[in-house]
Amino acid sequence: MSQVEDKIQSLGLKLPDVVPPLAAYQPAVRSGNYVFTSGQLPMVDGALPATGKVGAEVGAEQAKELAAVCALNALAAVKSVTGDLDKIVRVVKVVGFVASAQDFTGQPGVVNGASELLGEILGDKGVHARSAVGVAVLPIDAPVEVEIQVEIAD
């Protein structure tokens, strides 16, 4: 097991299997020394633990936890093309989409769930640029979706 996976395990978490695509795309692709993930939903064992808009059906704290699940799913997607998470040089960018109730403005706090988990797992390699975007709706009524871009070593 890699050092990164050891760290995931030490946090009481498990790297999940790659979430199968819901449409015509790949979970992750490599271009040179970069891996780009598709948007990852907070799928757990093939299902969403919650659905709906953040600030209405889903609370901000629960959405933050779901964003962390998205980040774990994104790491699984990275591993699917690199074979080893220890090849990560750094997380370059995180983009989080939050299905938001009309008056919800806490998108950055929600996406912190992904950012904070990446930092816990990867330390300085997990420090990244980021966007947190409120949207009207996400696929299959997910409350949050996260994609990451990582630089990897050969």
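# A walk around the sheet and its helices

Start by selecting the hairpin of β1 and β2: two residues lie between the strands, and Gly32 there takes a positive phi near 60 degrees. Strands here are DSSP runs of E with at least two residues, helices are runs of H or I with at least four, and both are numbered from the N terminus.

A word before moving on: this is a predicted model, in which local features need pLDDT of at least 70, side-chain atom pairs count only at pLDDT 80 or more, and totals for chains, interfaces and linings use all residues. Residues are numbered from 1 along each chain as its sequence is written, and side-chain values use heavy atoms, with hydrogens and water left out.

## Along the sheet

β1 and β2 run antiparallel and are joined by four bridges; to see the pairing, pick Ala28, which stands opposite Thr37 in β2. Two strands are called paired if DSSP finds at least two bridges between them. Strands of a sheet pair through backbone hydrogen bonds, either parallel or antiparallel.

Now show the whole sheet. It is open, with five strands in the order β1-β2-β5-β3-β4 and mixed pairing. From one strand to the next, the twist averages 15 degrees.

Step across from β2 to β5. These two run antiparallel, with three bridges between them, and the bridge partner of Val35 in β5 is Val150.

Next, select β3 together with β5. Nine bridges join this antiparallel pair. Look for Val94 opposite Ile148 in β5, and for Val98 opposite Val144 in β5.

Keep Val94 selected and look towards β4, where its bridge partner is Arg130. Strand β3 (residues 88-99) and β4 run parallel and share seven bridges. Another place to check this pairing is Lys93, opposite Ala129 in β4.

## Helices on the sheet

Bring in helix α2. It packs on the sheet and touches β1, β2 (34-37), β3 and β5 (144-152), and its direction makes about 40 degrees with that of β5. For such values, axes are lines fitted to C-alpha atoms (for helices, over the stretch in contact), and angles run from 0 to 180 degrees between N-to-C directions. Contact means heavy atoms within 4.5 Å.

## Where the helices meet

For the α2 side of the contact, select residues including Ala60, Ala63, Ala67 and Leu75; among their α3 counterparts are Val110, Ala114, Leu117 and Ile121. The residues of this contact divide into 13 nonpolar, three polar and two charged. In this grouping, Ala, Val, Leu, Ile, Met, Phe, Trp, Tyr, Cys and Pro are nonpolar, Asp, Glu, Lys and Arg are charged, and the others, Gly among them, are polar.

For the next stop, select helix α1 (residues 3-10). α1 and α3 pack at about 120 degrees, with their axes 8 Å apart, which makes α1 oblique to α3. Val4, Lys7 and Ile8 of α1 make the contact with Glu120, Ile121 and Leu122 of α3. The residues here divide into four nonpolar, no polar and two charged.

## Last selection

Finish with residues 7-144, which UniProt lists, in an unreviewed entry, for "domain: Endoribonuclease L-PSP/chorismate mutase-like". UniProt positions follow the numbering used here, feature names are shortened, and annotations may be inferred rather than shown by experiment. The end C-alpha atoms of residues 7-144 lie 24 Å apart, and the span is 31% helix and 20% strand.

Note on methods. Parallel < 35°, antiparallel > 145°, perpendicular 65-115°, else oblique.
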